[in-house]
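Keep the picture open and try each task before you look at the solution.

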Amino acid sequence: TMAQIKLQNVQDFYEIGEILGSGHFGQVRELRERAGGTCWAGKFVKLRRSVSSRLGVERKSVEHEVEILQSLQHVNIMALRDVFESRAEIVLVVELIRGGELFDFIAEKENVTENEAIDFLKQILKGVGFMHSKQIAHFDLKPENIMLSDKNAEHPEIKIIDFGLAHRFDAGEDYKSLGGTPQYIAPEVINYEPLSVATDMWSVGVITYILLSGISPFQGDTDGETLRNIVDMKYDFDEHYFSQTSNMAKDFIEKLLVKNPKERMTAEECLLHPWIKPITNKQKANRSRSSINMKSFKKFNARRKWKMSYNMVWACNRLCRLHLLCKGDKEDEQLRSCESDQEDTETKPASLIRRRLSSSS
Ligand code: ATP
């Protein structure tokens with residue numbers, strides 16, 4: 001059933017609670033349904049006031065995200081419940097996801113076997129496979145967008161979030177885009193070639209690589225270097241980080257980090273790969289003997305969290321500065337010039353990729 005866009009006030013139906021998170025669009029807050037008391041999450045998206053403004057999000061792109069979420073009803077994808085719309089903002093009422101990010105959950109553990117990692121990976125692949133079966137690509141798969149429903153459950157459920165860059169392909173359509181996060185984007189994005197659902201599978205390969213080793217396969221000292229490593233396919237399985245990893249796992253990753261998108265495994269093929277779905281007892285035993293490089297993974301995650309908050313502070317400072325500089329009618333014009341000054345200082349290839357504030361590497 002499609003969620004009807006309501007023109008009423010969200011507060012007539014839901015009590016607004018604490019802030020759960022924030023993105024480039026605005027805030028995500030807890031909502032409590034007045035009738036019944038069920039809890040939800042509300043994504044409050046400030047709408048752009050005029051065509052020339054750079055503040056807020058264009059109504060069309062929010063409608064696009066709503067349309068995509070409406071067609072994705074799957075246990076491993078964040079569910080959309082309701083949409084409220086006013087002149088200034090759109091509120092998406094979505095399933096409340098209490099378990100935090102998968103990577104944080106894993107980083108808190110003492111030891112994690114490949115078996116346990118595969119349990120989560122399988123759910124990611126099921127969610128991704130479902131959207132791909134609907135010709136929808138996510139285009140921003142990364143640890144920040146992979147959450148857990150409830151970390152205290154015996155088998156926590158994966159929930160994929162943030163469909164802000166997602167796209168539904170029409171038959172025969174040529175779609176190009178430069179969106180994404182340097183560490184996780186596929187070579188075809190950097191080369192500005194036509195994209196497909198296979199672009200997501202590259203990101204699944206990068207996420208799996210990090211999950212097992214605690215290092216990022218293409219990470220350079222700068223975003224520019226990272227992007228160059230990706231197009232040059234410069235990665236390996238350093239024994240120092242991969243000594244506890246099974247050969248099956250490496251084979252799985254190798255079949256995803258393939259330059260030609262047509263030759264990458266699909267989500268369905270991944271679910272049939274012997275590492276994910278072992279056929280022999282020997283394969284099964286290998287998986288429970290091999291484990292995640294926890295020491296390295298914890299380090300990766302701590303650095304990732306530190307960068308995320310650093311980027312947030314940086315973004316807030318910059319916004320405050322812009323607001324002080326840009327008062328009155330000239331607001332939009334000056335905002336544009338402020339922002340272009342900023343872009344000039346960035347390295348060339350990195351500046352081509354749309355940077356997302358909470359997620360740049
Ligand atoms: P970004 O700017 O990071 O690309 P975004 O602006 O599209 O992302 P989301 O990623 O959808 O926004 O949400 C921002 C943050 O809010 C998330 O990182 C998460 O911490 C929190 N969040 C989002 N959806 C939910 C939810 N359904 N339940 C609980 N918390 C959520």
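This is a predicted model: local features need pLDDT of at least 70, side-chain atom pairs count only at pLDDT 80 or more; totals for chains, interfaces and linings use all residues.

Residues are numbered from 1 along each chain as its sequence is written.

**Exercise 1. Find which strands supply at least two residues each of the shell around the ligand.**

Step 1. Begin with the shell: 21 residues surround the ligand, where a residue counts as near if its C-beta atom, placed from the backbone, lies within 6 Å of the molecule. Gly 21, Gly 23, Ala 41, Ile 97 and Asp 162 are the closest.

Step 2. Now look at the strands, which are DSSP runs of E with at least two residues, while helices are runs of H or I with at least four, both numbered from the N terminus. At least two shell residues come from each of β2 (14-22), β4 (39-46) and β6 (89-95). With three residues, β2 gives the most.

Step 3. Sort the shell by class: nine residues are nonpolar, seven polar and five charged. Here Ala, Val, Leu, Ile, Met, Phe, Trp, Tyr, Cys and Pro count as nonpolar, Asp, Glu, Lys and Arg as charged, and the others, Gly among them, as polar.

**Exercise 2. Describe how helix α3 (residues 114-133) packs against helix α5 (residues 198-213).**

Step 1. The axes of α3 and α5 are 12 Å apart, at an angle of about 170°. Axes are lines fitted to C-alpha atoms, for helices over the stretch in contact, and angles run from 0 to 180 degrees between N-to-C directions.

Step 2. That angle makes α3 roughly antiparallel to α5, a label for angles over 145 degrees.

Step 3. List the contacts, meaning C-beta atoms, placed from the backbone, within 7 Å. From α3, Ala 117, Leu 121, Ile 124 and Val 128 meet Asp 200, Val 204, Thr 208, Leu 211 and Leu 212 of α5. By class, this contact has seven nonpolar residues, one polar and one charged.

**Exercise 3. Work out how α5 and helix α8 (residues 247-254) are arranged.**

Step 1. The α5 and α8 axes come within 9 Å and cross at roughly 155°.

Step 2. The two helices α5 and α8 are therefore roughly antiparallel to each other.

Step 3. On the α5 side, Gly 205, Thr 208, Tyr 209 and Leu 212 meet Ala 249, Phe 252 and Ile 253 in α8. Five of the residues in this contact are nonpolar and two are polar, with no charged ones.

Technical notes: Angles under 35 degrees count as roughly parallel, over 145 as roughly antiparallel, 65 to 115 as roughly perpendicular and the rest as oblique. Two residues are in contact if their C-beta atoms, placed from the backbone, lie within 7 Å.
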